[in-house]
Amino acid sequence: MKTRLLSVAAVLLFTVFSLSAQEGKKEKFVVAGNCGMCETRIEKAAKEVEGVTEADWNKETKMLEVTFSGDEADVKAVQKAVATVGHDTEAFKAEDSVYDKLPACCKYERMTDKSKKK
């Protein structure tokens, strides 16, 4: 009976550790935007990147928190995807032509060019 109980306990512990390991890596970075429409657009672009399981952009802090489904987190790919839909990030600036097409409420103050790549 004790052996069976210990076996069940070991399996449960293994399961708990396996599930917590699958949570993935989380990364945060700044994304420029203003409103709820920006939030929807930013999160959708981030979630379309392979390996991203969750994306949550905070309108007040301008921070995007992204959860990846494994160890191969490609933050630059997420930042590039977000810039592609019109939102400047820490690493990539959105193309002017894409930014210009954003709705008026989404016209945020552009980030400086110093640290941006195209």
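**Core, hairpin and a buried aspartate**

Student: Which residues in the largest nonpolar core touch the most other members?

Tutor: Of the 25 residues in that core, F29, V31, I42, L64, V66, V78 and V82 touch the most other members. A nonpolar core here is a set of buried Ala, Val, Leu, Ile, Met, Phe, Trp, Tyr and Cys residues joined through side-chain atoms within 4.5 Å, and buried means under 20% relative accessible area, with exposed over 50% and partly exposed in between (1.4 Å probe, protein chains only). The core takes at least two residues from each of α2 (36–47), β2, β3 and α3.

Student: What kind of model is this?

Tutor: This is a predicted model, in which local features need pLDDT of at least 70 and side-chain atom pairs count only at pLDDT 80 or more, while totals for chains, interfaces and linings use all residues. Residues are numbered from 1 along each chain as its sequence is written, and side-chain values use heavy atoms, with hydrogens and water left out.

Student: OK, in what order do the elements run?

Tutor: From the N terminus on, the order is α-β-α-β-β-α-α, with four helices and three strands in the protein.

Student: How do β2 and β3 pair?

Tutor: Strand β2 (residues 52–58) and strand β3 (residues 63–68) run antiparallel to each other over six bridges, where pairing requires that DSSP finds at least two bridges between the strands. V52 is the residue opposite F68 in β3, and the two strands form a hairpin with four residues between them.

Student: What about K62, buried or partly exposed?

Tutor: K62 counts as partly exposed because its relative accessibility is 25%. K62 sits in the loop between β2 and β3, and it has a positive phi of about 65° although it is not a glycine.

Student: Switching topic, why does D88 count as buried?

Tutor: D88 counts as buried because its relative accessibility is 0%. D88 lies in the loop between α3 (75–84) and α4 (96–100).

Student: Which side chain does D88 join in a polar contact?

Tutor: The side chain of D88 makes a polar contact of 3.0 Å with that of R110; such a contact is a pair of N or O atoms within 3.5 Å, and within protein one must be able to donate a hydrogen and the other to accept it, while residues adjacent in sequence count only if both atoms are side-chain atoms. The D88 side chain also reaches the backbone nitrogen of M111 at 3.0 Å. With residues up to four places away left out, D88 touches several others, among them V30, A32, K93, A94 and Y108.

Student: Where is A94 found, and what separates it from A83?

Tutor: A94 is in the loop between α3 and α4, and its C-alpha atom is 4.4 Å from that of A83, although the two are eleven residues apart along the chain. A94 is buried, with a relative accessible area of 1%.

Conventions. Contact = heavy atoms within 4.5 Å.
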